[in-house]
Amino acid sequence: MRTGFPDFRLGSVLATSFTGTLSERHGDAVERIPTPQRLVDWLAVYGLAVDSCTADQLDLARELRESIHAAATAAAIQDPLPASAVQVINDFSARGRAAAVLTPEGNRQWRLSSAACVEDALSVIAADAISIIAGERDGKLALCASPTCRAAFFDTSQSRTRKWCDMNTCGNRQKKARFNAKQRKDPRPAK
């Protein structure tokens, strides 16, 4: 990974992990793909290796990211999906030349076109977003309970009651804030 950039917040669901490349949307926003090369790095982590990325392609990626976030947020709160976001997601899904292939281990892997361009990788992300927003996968879309985050995430927990997009960041921060508030309310001398 490149140094000097915020760490990626990796998850098991491609589309919502992609929306997580912009975190703390309602606080001090953290852009995790600030440069074209950083997008190349993120795609490689998810098995969507591309040769290069231009500034224009980075702008396209961010457009898709924000459209997925808007549609996933609407789906999570059971609002109508924004037509413009749906159009962007559909356009990106149809644009690429990626194919799902089966590995000898029985896993699905994506094979991008021989040119391995960013648009092919973005089409895979868009297709993943379609599958989760359409309810085709086992789980449910939810919004992070952190008031500064509010990221859309795909809850695959058994009870489907997960509260935070990431327990190690948002969850711990909220639990620490509650603990500190309780300590201020009920200060007990240390023994």
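Me: How many salt bridges does the structure hold?
Reply: The structure holds seven. Remember that the model is predicted.

Me: Which residue does Glu31 meet in a salt bridge?
Reply: Arg65. The N to O distance is 2.8 Å.

Me: Why does that pair tie parts together?
Reply: Glu31 lies in strand S2, residues 30-31, and Arg65 lies in helix H3, residues 55-76. So the pair ties together parts that are 34 residues apart in sequence.

Me: Is Arg65 buried or exposed?
Reply: Buried, because its relative accessibility is 3% and the cut-off for buried is under 20%. Glu31 counts as partly exposed, at 22%.

Me: Which residues are linked with Glu31 and Arg65 in a network?
Reply: Arg25, Arg62 and Glu66. Together with Glu31 and Arg65 they form a network of salt bridges.

Me: Why can such side chains pair at all?
Reply: Opposite charges can pair when the charged atoms come close.

Me: Next one. What does Arg97 meet?
Reply: Arg97 meets Asp120 in a salt bridge, at 3.9 Å from N to O. Arg97 is in the loop between helix H4 and strand S3, and Asp120 is in helix H5. They are 23 residues apart, so this pair links distant parts of the chain.

Me: Is Asp120 buried or exposed?
Reply: Asp120 is buried, at 0% relative accessibility.

Me: And which residue is the partner of Arg160 in a salt bridge?
Reply: Asp138, at 2.5 Å from N to O. Arg160 sits in the loop between strand S6 and helix H6. Asp138 sits in the loop between H5 and strand S5. The two are 22 residues apart. Asp138 is exposed, with a relative accessible area of 64%.

Me: Changing topic. How do S3 and S4 run?
Reply: They run antiparallel, and four bridges join them. Ala99 has Arg111 in S4 as its bridge partner.

Me: What lies between S3 and S4?
Reply: Five residues, and the two strands form a hairpin. Gly106 in the turn has a positive phi of about 90 degrees.

Me: Last topic. Which residues form the negative surface patch?
Reply: Asp56, Asp59, Glu63 and Asp91.

Me: Which element gives the most to the negative patch?
Reply: H3, with three residues. Asp59 is found in that helix. At 46% relative accessibility, Asp59 counts as partly exposed.

Note on methods
Residues numbered from 1 in each chain as written. Predicted model: local features only at pLDDT ≥ 70, side-chain atom pairs only at ≥ 80, totals over all residues. Heavy atoms only, no water. Salt bridge = Lys/Arg side-chain N within 4 Å of Asp/Glu carboxyl O. Buried < 20%, exposed > 50% of the residue type's maximum accessible area, 1.4 Å probe, protein only. Pairing = 2+ DSSP bridges. Patch = residues over 30% accessible without salt bridge, like charges linked within 9 Å, V, L, I, M, F, W, Y side chains within 5 Å. Areas by Shrake-Rupley, 256 points an atom, 1.4 Å probe, with all protein chains shown as cover. Lys, Arg positive; Asp, Glu negative; His and termini not counted. Charge placed at Lys NZ, Arg CZ, Asp CG, Glu CD.
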